[in-house]
Amino acid sequence: MRAIMRGVTDTEFERLYGTEEQCLAAWVKVRQDAGMSCPRCGNPKSYVYDRRVGCTRCHTRWSITSGTVMADTKLPLTTWFRAMHLMSSTKQCISAVELGRRLGVSYPTAWYLHMRLRHARTEEISGCQLGASSEGGATPIVEADDVYLGGERNEGSGTAGKARVIVAVERHPSGRMGAVAMAVVSGFSNAEAAAFRDAHIAPGALVHTDGTPAFHIFGEGGRTHVATVTGGKRPERERGALFFNVNTLIANLSTALKATFKVFSPKHLPDYLGAFCWTTNHRRNMRGMIGALSGAAAKSSRLTRRTVYA
Ligand SMILES: [Zn+2]
C-alpha cells in the first residue's frame with residue numbers, strides 16, 4: 001500500500017487527539033477557519049475562552065459547538081474526534097453498531113454520531129460539480145450511469161423496492177478517477193436528470209452515458225453529452241476504458257453498503273451516499289481525513305430532532 005493511502009494509525013491518533021484539550025484546540029482551529037460570526041450582530045470577530053465564544057462587539061456568548069452539526073452535544077470532543085477517525089480511516093464505512101462498540105457508547109449514541117457526521121459530509125459535497133476545466137491541467141470527462149440499489153433479496157433482480165440513483169464520476173486523461181457525485185432520484189426522468197446536471201455537472205463538461213433516455217439533458221447548458229449504448233454487455237474491466245471508472249465506483253459503493261448496512265433505509269440513503277462520495281473524494285489524502293472531516297463538521301448546519309426523525 002502506498003504511503004499516501006495510509007491514514008492516521010490508532011497510535012498516532014492517541015498522540016494527536018488523545019486528550020480533551022487537544023481535541024478542543026483542533027476544533028477551535030477548524031471553527032475559526034470556517035468563520036464564526038456573531039449570531040446576534042453578525043460581527044465576524046470573536047474570541048474563544050475554554051468552550052465558549054464571545055463577540056468582540058456585542059459580547060454575546062455562545063458554545064464552541066453551537067450552530068453546527070455538533071450543537072448541544074453532551075459528548076466529550078474526544079468521542080467526536082475518535083468517531084471521525086473511525087469513520088474515515090478505512091476505505092469501507094463503519095456501521096453504527098461497530099462504531100458504538102469501538103467507542104464504548106450505546107447504540108443510540110453511536111447512531112446519532114454516525115448520522116451527524118454523515119450529514120456534515122453530505123452537506124459539504126452537495127455543491128460538488130464534476131468535469132470543470134482545471135487551470136493548467138487537462139479537463140476530466142464525466143461518466144454517468146443510472147443504478148438501482150437495495151431492495152429485498154427475494155424480489156429477484158428486478159427493480160421493485162430498489163432505490164434509483166444517478167452516479168457520476170470524473171475520468172482524467174490518465175484514466176485516474178477524480179471526484180464523484182451521486183443522488184437518489186424518484187425515477188430517471190428528464191426533471192430529475194436536469195436537477196442532477198445543475199447540481200453536479202459543471203457547465204462546459206463532456207459527459208458520457210450509456211444512453212439512458214433522460215440523460216440527453218446532461219448535454220444542455222454548454223455541456224456536451226455522448227451516449228454510447230453498451231447493450232447490457234459486461235462492464236469494461238480495462239483501466240482507462242469508457243465506463244471503467246463509473247463501473248468501479250458502483251462496485252465499490254455496493255461493497256461498502258453491503259459491509260456497512262444489513263438493511264439500509266431509503267430515508268437515510270441520501271446521506272449514506274453523500275458520506276461515501278465525500279470519503280471517495282478525499283481518499284487521496286488519507287492522513288488529512290480527520291482534519292477534513294472536522295472541517296466539514298465545523299462548516300455544517302445544525303441538525304434538529306425534527307430533521308432527523310422527519
Ligand atoms: Zn455580536
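The secondary structure of the chain comes to 10 helices and eight strands, where helices (H or I, at least four residues) and strands (E, at least two) are DSSP runs numbered from the N terminus. The model is a predicted one, in which local features need pLDDT of at least 70 and side-chain atom pairs count only at pLDDT 80 or more, while totals for chains, interfaces and linings use all residues. Residues are numbered from 1 along each chain as its sequence is written, and side-chain values use heavy atoms, with hydrogens and water left out.

Of the 310 residues in the chain, 46% are buried; buried means under 20% relative accessible area, exposed means over 50%, and partly exposed lies in between (1.4 Å probe, protein chains only). Contact means heavy atoms within 4.5 Å. Among the contacts in the chain with a separation of 6 or more, 59% are between residues 24 or more positions apart.

The strands can now be taken sheet by sheet. Five strands form an open sheet with mixed pairing, in the order S6-S5-S4-S7-S8; two strands pair if DSSP finds at least two bridges between them. At the edges are strand S6 (177-185) and strand S8 (224-227), each of which pairs on one side only. Neighbouring strands of this sheet are turned by 25° against each other on average, direction ignored. For such values, axes are lines fitted to C-alpha atoms, for helices over the stretch in contact, and angles run from 0 to 180 degrees between N-to-C directions.

Strand S4 is mostly covered, with eight of its nine residues buried. Nine bridges pair S4 with S5 in the antiparallel sense, and Leu-149 has Ala-163 in S5 as its bridge partner. With strand S7 (residues 206-209), S4 pairs in the parallel sense over two bridges; here Val-142 stands opposite Val-207 in S7. Strand S5 (residues 163-171) is also joined to S6, by seven bridges, and these two strands run antiparallel.

Helix H7 (residues 244-260) lies across strand S4 (141-149), S5 and S6, and runs at about 35° to S4. Helix H8 (residues 269-281) packs on the sheet and touches S4, S5 and S6, its direction making about 175° with that of S6.

A further open sheet has three strands in the order S1-S2-S3, with antiparallel pairing. Its edge strands are strand S1 (46-49) and strand S3 (61-63), each pairing on one side only. From one strand to the next, the twist averages 30°. Strand S2 (residues 52-55) pairs with S3 in the antiparallel sense over three bridges, and Gly-54 stands opposite Arg-61 in S3.

Helix H2 (residues 20-34) and helix H3 (residues 77-88) pack at an angle of about 70°, with their axes 8 Å apart. That makes H2 roughly perpendicular to H3, given that angles under 35 degrees count as roughly parallel, over 145 as roughly antiparallel, 65 to 115 as roughly perpendicular and the rest as oblique. From H2, the contact is made by Glu-20, Cys-23, Leu-24, Ala-26 and Trp-27, and from H3 by Leu-77, Thr-78 and Phe-81.

A search of the whole structure finds eight aromatic pairs; rings of Phe, Tyr and Trp (its six-membered ring) pair if their centres lie within 6.5 Å, and planes under 30 degrees apart count as stacked, over 60 as edge-to-face and the rest as tilted. The rings of Tyr-17 and Phe-81 are stacked, because their centres are 5.3 Å apart and their planes are at 20°. This pair links distant parts of the chain, with Tyr-17 in helix H1 (residues 10-17) and Phe-81 in helix H3, 64 residues apart. Both Tyr-17 and Phe-81 are buried. Elsewhere, ring pairs link Tyr-148, Phe-188, Phe-196, Phe-215 and Phe-218 into a cluster.

Arg-197, in helix H6 (residues 190-200), is buried, with a relative accessible area of 9%. Leaving aside neighbours within four places in sequence, Arg-197 is in contact with Ile-217, Phe-218, Glu-220 and Arg-223. Arg-197 and Ile-217 are 20 residues apart in sequence and 7.6 Å apart in space, C-alpha to C-alpha.
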